[in-house]
Amino acid sequence: MKKKFLFILCFIPVLAIAQPQNSSVDFWEKLQNLCGKSFEGKITDAPENDSFRGKKLVMQVKSCEANQIRIPFYVGDDKSRTWILILEKGLITLKHDHRHEDGSPDKITQYGGTSSNTGLSGIQIFPADQQTSDLLPNASTNVWWITLDEKTFTYNLRRLGTDRVFSVSFDLTKPVECSDSPWGWKN
């Protein structure tokens, strides 16, 4: 009996190593835990003349379904932007939904990309997809990434081959009140 017990104890760590960890699912679960909350952010990297500077920046984790999370991103009074994250087959896609004030889609909308692997539980990377390249040829080399830990959510953009960089960080330790809805949403 002791030998069988010893064998089982030795085998358990091997099982833990053999089971692949799906980091994108871990990331997704962390994001789901933020559902219903809003957070104020600040620009951490952007051109000096960026139009977001000096405006109140708020992300609102407003809609969380099993495979889709919608995060409106308000820039001052502009409620035109929503980040849409989709979990499919263990990979996450990031799309940018842009709307006019009347709720109609902007002509530049639904661009983004899908992670090429499961990433890490604290970071997901999204290279521009073909739809983005077709819609915005200059954005063909865009790479977006989101970092997420207990204290911060950071949305980032880098256009490879250029100086274009944008990063905004949200303090997850201080939720803020936000009852707004993005343009085009009924609730």
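**Ground rules.** I am working with a predicted model, where local features need pLDDT of at least 70, side-chain atom pairs count only at pLDDT 80 or more, and totals for chains, interfaces and linings use all residues. Residues are numbered from 1 along each chain as its sequence is written, and side-chain values use heavy atoms, with hydrogens and water left out.

**Entry 1, salt bridges.** I took a salt bridge to be a side-chain nitrogen of Lys or Arg within 4 Å of a carboxyl oxygen of Asp or Glu. Side chains of opposite charge can pair when their charged atoms come close. By this rule I get five salt bridges.

- D78 pairs with R81 through their side chains, at 3.1 Å from N to O. R81 counts as buried because its relative accessibility is 17%.
- D180 pairs with K79 at 3.6 Å, again N to O. This pair links distant parts of the chain, 101 residues apart: D180 sits in the segment after β11, and K79 in strand β5 (residues 78-88). With 30% relative accessibility, D180 counts as partly exposed; K79, at 21%, also counts as partly exposed.
- D97 pairs with R99, and their closest N and O atoms are 3.1 Å apart. R70, D97 and R99 form one network of salt bridges that share partners. I noted D97 as buried at 3% relative accessibility, and R99 as partly exposed at 25%.

For the strand labels, I used DSSP runs numbered from the N terminus: helices are H or I with at least four residues, and strands are E with at least two.

**Entry 2, strand β10 and its partners.** Next I went to β10 (residues 152-159), which is mostly covered, with six of its eight residues buried. I counted two strands as paired if DSSP finds at least two bridges between them.

On one side, β10 pairs with β9 (residues 142-148) in the antiparallel sense over seven bridges. A hairpin of three residues joins β9 to β10, and N142 has R159 in β10 as its bridge partner.

β10 also pairs with β11 (residues 165-176), antiparallel and over seven bridges. Here R158 stands opposite V165 in β11. The hairpin between β10 and β11 has five residues, and G161 in that turn shows a positive phi of about 85°.

Which residues have the most contacts inside the largest nonpolar core? I find L31, I71, W83, L85, F153 and Y155, in a core of 33 residues. A nonpolar core here is a set of buried Ala, Val, Leu, Ile, Met, Phe, Trp, Tyr and Cys residues joined through side-chain atoms within 4.5 Å.

I then followed Y155, calling it a contact when heavy atoms are within 4.5 Å. Leaving aside neighbours within four places in sequence, Y155 is in contact with W83, L94, H96, W144, W145, I146, F166, S167 and V168.

My last stop was D129, in the loop between β8 (123-127) and α3 (130-135). Its side chain makes a polar contact with the side chain of T132 at 2.8 Å. A polar contact is a pair of N or O atoms within 3.5 Å; within protein, one must be able to donate a hydrogen and the other to accept it, and residues adjacent in sequence count only if both atoms are side-chain atoms. Beyond its neighbours within four places in sequence, D129 is in contact with K95, G112 and G113.

Notes
Buried < 20%, exposed > 50% of the residue type's maximum accessible area, 1.4 Å probe, protein only.
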